[in-house]
Amino acid sequence: MKKVLLILGLLIFSFSFVYAEFTKDGLTLTGYIKNEAALGTKVHQMQKFKDIVGISGEYKFNENIAFFASFKYWYDHVYSWYGKYDSAQYYMQHIQRNDWLRDCYLDIISGPWFLRLGKQQVAWGQADGIAILDRLNPVDLTEFWLPDAVDLRIPLWMMNINYSPKVNSNLQLLIIPDFEQSTAAPPNAPFAFRSYKLFMDFKQRWESNAWIGGFPPPFLRGDVYTNIYYPAKKFNNSKIGLQWKDRFLGWDYTLNYLYGYDYLARTYNDGNIIGPGGIIHPNYGRKFKLVQMAGGSLNHTFTQEGLLEGITLRSDAAVYLDEPTYYGDPARGSASGVVRWNNIFWLVGLDRNFFTKWTVSFQFAQYILAHETPGIAGHPEYKPLNSYTYGAQDRCENIFSLKIMTKFYNERIKPEVLWSFTDDNQGRVSPKISYEISDHLMATLGWDYFYGNEKDSNGQFRKSNQVYLFLKYSF
Amino acid sequence: MKKILFFVLSIILMTGYAKALDLEYFQVYQPKEGMSADEIMQIKYFNKYTLFAHDVSYTGKAYFIDKSGAVRERSTARKRLNLGRKSDGIAYKDITVITGPTQFKGIGTLSWTYLDPNKEQDVWLYLPSLKKVRKISASEADDSFLGSDFSVEDITSRRFEDENYRLLREENFSGYTSPFNQKTYYKDNPCYVIEATPKRANWYYAKRIIWIDKKYGTNIYEEKYDAKGQKFMYIFRWCQIFNVDGKEFPLIMFQEGEDLRTGHRTVIINETAEINKGIPEDQFTERMLGTSRW
């Protein structure tokens with residue numbers, strides 16, 4: 001299915017360009033070359049040295065029909081320099097070199113209708129850096145949540161159908177027959193999740209007979225079986241999204257609904273398989289589950305004179321129905337199982353320009369597990385677990401972020417600092433400064449500093465602090 | 001009793017407000033002999049925001065030139081729809097998109113400006129790095145407009161009600177020779193010279209001296225002074241007169257300004273302009289802003 005879509009997309013793209021050769025007008029081509037280098041300040045080792053090339057092309061058939069495609073290729077040299085980052089080479093294609101057709105779609109406008117058909121990414125939420133409503137595309141978390149959102153999201157083939165019954169309102173229907181899983185760094189890479197590392201450790205120790213404990217004895221230990229079960233490739237498994245957007249008394253709001261397979265697989269213990277001679281094979285299956293999300297967003301700028309004047313309020317809220325949630329004993333470093341719970345995630349953000357050139361943006365979010373936590377599966381010691389660390393997940397996780405931005409020298413120099421943290425004394429501080437060297441060349445220098453416990457989302461990367469320099473030449 | 005007082009006060013305020021805005025949208029106004037500084041400035045603002053037209057669209061370029069002569073460039077496309085609509089209080093809607101260079105291509109803003117001069121703009125921003133439309137707070141009035149030497153209020157938000165005015169004299173403008181293209185504009189053009197002082201205390205300028213074209217009521221030149229009386233900025237504007245349906249519409253097509261403290265200059269050129277093409281209001285929505293392909 002995907003190959004057919006890809007070939008179809010390329011044919012349309014090629015046709016557009018051949019056609020453009022004759023018309024000349026309406027065709028726009030742009031591109032960039034970028035180098036991203038990051039040095040680990042604790043490990044004193046390069047954590048990234050990535051060369052990226054991106055090409056984008058747009059062809060406007062007329063005012064109402066346009067075709068757009070973009071390609072991206074990259075190579076991260078550190079995976080060649082340090083074999084341990086991906087010793088199993090499982091992730092070679094994904095991490096190191098990838099020919100990606102990022103976007104490939106046709107835009108059609110006809111009166112109140114707007115259609116975008118093809119490979120694309122869609123964003124719903126108003127939150128910055130926290131995906132509450134933005135669950136339409138899988139994400140590439142190879143570098144945690146550090147890259148720009150446009151690079152984090154993995155575009156999918158979809159039908160994006162919009163109808164505007166009146167000015168400022170919009171009804172959007174998304175049909176997403178395509179499926180890809182969210183990706184993560186391999187177990188020894190700088191931003192590998194702790195839960196992945198723990199699982200690989202277990203697998204290696206079991207298979208190398210280094211297992212601590214008496215049973216089963218080494219001669220009965222066989223390979224660990226892992227299988228991944230993707231949703232069947234059929235149209236009926238398409239993800240469906242629906243959004244209504246409107247404005248009421250100066251407040252912009254959306255109502256959102258999403259139904260389909262979660263992009264993050266959960267690991268299930270499918271029971272040991274006993275092989276010939278009584279050899280025991282632990283058997284794990286990574287499975288994607290159907291989930292529903294219902295939510296909305298609200299935003300407003302206080303424009304009237306008064307205390308609140310100039311403040312922009314942004315808010316997202318969502319309920320995830322039947323969201324797979326790991327549970328187990330956090331001291332064990334593995335999950336005992338998965339429960340399907342209804343969880344809530346909401347956020348409020350406030351933005352304000354201060355003085356002349358300063359912008360301050362504050363966000364507060366809560367991720368709430370809408371269940372009593374003690375006694376899961378009859379074990380009082382079991383707690384819900386963080387999917388990425390297997391650390392204990394608070395029943396109510398309080399998340400904060402503060403971003404301060406400014407600009408100097410006719411907006412040529414733009415410093416900013418982001419502090420993202422939770423009430424568990426863990427977080428990330430990321431100052432950076434961008435300098436526009438010329439119309440075509442931009443340099444960005446920054447630092448990512450993680451702190452906290454290794455069982456927390458940010459704390460797990462406390463040994464992966466890094467300084468980085470990005471150079472981007474666009475044409 | 002409080003309610004009655006509030007009602008009476010509201011009527012008085014609304015009457016004053018109506019007087020300040022007695023120019024009707026979609027009409028053409030030009031200064032006349034004997035007009036006061038306030039009346040001339042009302043026409044000037046009416047023209048600045050092209051309220052004579054139903055819609056205006058431009059494509060153009062901005063050049064940022066530092067003291068050493070190094071030039072940075074931005075290409076933009078802008079559209080404005082004038083509404084003057086009392087039902088929801090919207091004066092006009094603007095959409096501005098950066099079309100070049102590539103590293104900024106696709107960044108766009110949508111803003112709604114209200115009739116009530118005390119009400120701030122509603123602004124939405126599309127950022128290609130997020131592929132998302134975000135509601136944002138309007139920039140501070142004294143902030144730089146897109147990194148230029150012009151302030152935000154110079155371009156988008158300063159209103160008639162923000163300053164007090166005094167007619168200094170009438171004179172023929174001495175002419176302006178642009179360092180950018182060496183052309184001389186408006187030599188010996190008859191002008192009103194008006195002093196404008198901001199109502200805000202401790203504002204970033206203490207006064208502006210403005211040369212207003214006597215025929216069309218457009219601001220062709222201004223100087224800004226600080227609290228010490230030191231000139232720190234000048235802005236020149238050239239208007240092209242467009243004949244549409246037998247009416248003369250002045251549109252700003254060339255602006256040049258210099259910050260005398262830094263020696264940095266900005267030139268904004270509108271290369272194309274179209275008036276009253278019947279742009280529908282659904283072109284000025286979040287959805288349209290969010291359909292950027294970059």
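1. Basis. Because the model is predicted, local features need pLDDT of at least 70 and side-chain atom pairs count only at pLDDT 80 or more, whereas totals for chains, interfaces and linings use all residues. Residues are numbered from 1 along each chain as its sequence is written, chains are lettered from A and ligands numbered from 1 in the order in which they are written, and side-chain values use heavy atoms, with hydrogens and water left out.

2. Salt bridges within a chain. Over all chains the structure holds 49 salt bridges, a salt bridge being a side-chain nitrogen of Lys or Arg within 4 Å of a carboxyl oxygen of Asp or Glu. One of them joins A:K48 to A:E143, with the closest N and O atoms 2.5 Å apart. A:K48 belongs to strand β2 (residues 45-62) of chain A and A:E143 to strand β6 (residues 140-145) of chain A, so the pair ties together parts that are 95 residues apart in sequence; strands here are DSSP runs of E with at least two residues, helices are runs of H or I with at least four, and both are numbered from the N terminus. Both residues, A:K48 and A:E143, are buried, that is, under 20% relative accessible area with a 1.4 Å probe and protein chains only, where exposed means over 50% and partly exposed lies in between.

3. A salt bridge between chains. A:D128 and B:R134 meet through their side chains at 2.6 Å, N to O. Since A:D128 lies in the loop between β5 (113-120) and β6 of chain A, and B:R134 in strand β6 (residues 132-136) of chain B, the pair joins two chains. B:R134 counts as buried, at 10% relative accessibility.

4. Helix α2 of chain B. This helix covers residues 37-48, has 12 residues and reaches 16 Å from its first C-alpha to its last, close to the 16 Å expected at 1.5 Å a residue, the expected span being 1.5 Å times one less than the number of residues. α2(B) is mostly covered, with 10 of its 12 residues buried, among them B:I40, B:M41, B:Y45 and B:F46. B:T50, which follows α2(B), has a positive phi near 50°.

5. Charges over rings. The charged end of A:K239 sits over the ring of A:Y263, 3.7 Å from its centre, and that of A:K472 sits over the ring of A:Y32, 4.5 Å from its centre; the criterion is NZ of Lys or CZ of Arg within 6 Å of the ring centre and within 35 degrees of the ring normal.
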